[in-house]
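Me: Please take a close look at one part of this model. I would like its surroundings described in plain terms.

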Amino acid sequence: MRLLSLCSLTVAALALTACGDTPPDVVINEFVADNATGEVDEAGEFADWIELHNLGTSTVSLAGLSISDDAADPLKHSFTGDVEIGPSGYLILWADEDITEGSNHLRFRLSKDGEGLYLSWQNSDGGIDAIDSVEYGPQEPDTSSARTPDGDGDWVDGSVPTPGASNG
Ligand SMILES: [Ca+2]
Ligand SMILES: [Ca+2]
C-alpha cells in the first residue's frame with residue numbers, strides 16, 4: 001500500500017508539472033498582416049508574422065499556450081514544448097499555414113483587412129484563460145502594429161517593423 005501511495009503521489013506531481021498552473025509571462029508584442037517585401041521565413045517566403053515577447057527574466061516554454069485569429073476557436077494553434085523564448089526575449093511566429101516548416105509556423109494566416117489575435121492558456125482545471133488579445137483594422141503593406149513601449153504599451157499602427165527586436 002505504501003508503494004502504491006508513493007506512485008500515486010509521483011504521478012500527481014508529474015501531471016502538475018506537465019500541465020503547469022501558471023502561464024508564462026508572454027504577450028503579443030507586434031504583428032505584420034501584409035508582408036509584401038519585408039522579413040522572409042526559412043523558406044524564403046514573405047509570410048505574415050506575429051512577435052511574442054517574454055516579460056520574464058528566465059527562459060519559458062510555450063507549452064500550454066495557444067494562439068488564434070478566431071475568438072470562438074482559441075485553440076486553433078497550440079504550441080508544443082519545443083518552442084521557447086529566452087529571458088526578456090522576442091520570438092517570431094510565421095502565420096503562413098506552413099506547419100511543416102517548423103514549430104514556429106502557425107495554422108492560420110493574418111487578414112490585411114483586419115481581424116483579431118488571441119493568446120490563451122489551458123489551465124490545470126481544463127479551462128481556457130485569455131492571456132492577451134488585440135483586434136485591428138486594415139493594415140498597410142510592410143507596416144506593423146506594435147506595442148510601444150514593448151509589452152504593455154499602447155498599440156501603434158503603421159510602425160516600421162522590428163521583427164525579433166524591441167519596438168523601441
Ligand atoms: Ca512559409
Ligand atoms: Ca518588435
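Reply:

Asp-70 sits in the loop between strand S4 (65–68) and strand S5 (77–78). Strands here are DSSP runs (E, at least two residues), numbered from the N terminus. This is a predicted model: local features need pLDDT of at least 70, side-chain atom pairs count only at pLDDT 80 or more, and totals for chains, interfaces and linings use all residues. Residues are numbered from 1 along each chain as its sequence is written, ligands are numbered from 1 in the order in which they are written, and side-chain values use heavy atoms, with hydrogens and water left out.

Asp-70 has a relative accessible area of 32%. That makes Asp-70 partly exposed, because buried means under 20%, exposed over 50%, and partly exposed in between (1.4 Å probe, protein chains only).

Now its neighbours. Leaving aside residues up to four places away in sequence, Asp-70 touches Lys-76 and Tyr-118; contact means heavy atoms within 4.5 Å. Tyr-118 is 48 residues from Asp-70 in sequence, yet their C-alpha atoms are 7.2 Å apart. The Asp-70 side chain also reaches the backbone nitrogen of Ala-72 at 2.9 Å.

Glu-30, in strand S1 (residues 26–32), and Thr-162, in the segment after strand S11 (154–159), are 132 residues apart. Glu-30 is buried at 0% relative accessible area, whereas Thr-162 is partly exposed at 22%.

Terms used:
Helices (H or I, at least four residues) and strands (E, at least two) are DSSP runs, numbered from the N terminus. A polar contact is a pair of N or O atoms within 3.5 Å; within protein, one must be able to donate a hydrogen and the other to accept it, and residues adjacent in sequence count only if both atoms are side-chain atoms.
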